[in-house]
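Let's take a friendly walk through one part of a protein model. Keep the picture open as you read, and try to find each piece as it comes up.

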Amino acid sequence: MRVGGSGIRFVSPGFVLQKAKEESEHARYGLTATKKLGNAVVRNRARRRLRSLAEQHLLPHAAAFDYVLVAREGIISRSFEQLINDLDKALKVLKCKKTN
């Protein structure tokens, strides 16, 4: 409820990125793929894509907050490059892109 109830979110065709209000020690993430997406095979594929997106692009580029990535129907049909662009836009809009 800490992240989901914060109301800080960015919606894209492939996923929803939710962010906690308070900073944490380091960036952490959670994944969600509901039964609305489809059967277990589809949900597992969606989670694998979200996990890869989070490990490769969210953690290295995001400020120290807790995040939740929620899969949407477009997660399977969108290219990984489009998902990366959506995540980059989400981090900018939510003002949580890491500054180095």
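Strand E4 is covered on both of its faces: Asp 66, Val 68 and Val 70 are buried on one side, and Tyr 67, Leu 69 and Ala 71 are buried on the other. Keep in mind that this is a predicted model. The two groups of names make sense once you know that side chains in a regular strand alternate between the two faces of the sheet. Six of the six residues of E4, residues 66-71, are buried, so this strand is largely enclosed by the rest of the structure.

Which strands pair with E4? Here they are side by side:

| Strand | Residues | Direction relative to E4 | Bridges to E4 |
|---|---|---|---|
| E2 | residues 15-19 | antiparallel | five bridges |
| E3 | residues 28-32 | parallel | five bridges |

Val 16 has Val 70 of E4 as its bridge partner, while Leu 31 stands opposite Leu 69 in E4. To get from E3 to E4, the chain passes through helix H1, residues 40-61, and this β-α-β crossover is left-handed.

Now stop at Val 41, which lies in helix H1. Is Val 41 buried or exposed? Its relative accessibility is 60%, and exposed means over 50%, so Val 41 counts as exposed. For a sense of distance, find Gln 82 as well: Val 41 and Gln 82 are 41 residues apart along the chain, and their C-alpha atoms are separated by 22 Å.

Terms used:
Residues numbered from 1 in each chain as written. Predicted model: local features only at pLDDT ≥ 70, side-chain atom pairs only at ≥ 80, totals over all residues. Heavy atoms only, no water. Buried < 20%, exposed > 50% of the residue type's maximum accessible area, 1.4 Å probe, protein only. Helix = DSSP H or I, 4+ residues; strand = E, 2+ residues; numbered from the N terminus. Pairing = 2+ DSSP bridges. Right-handed = clockwise from strand over helix to strand, strands pointing away.
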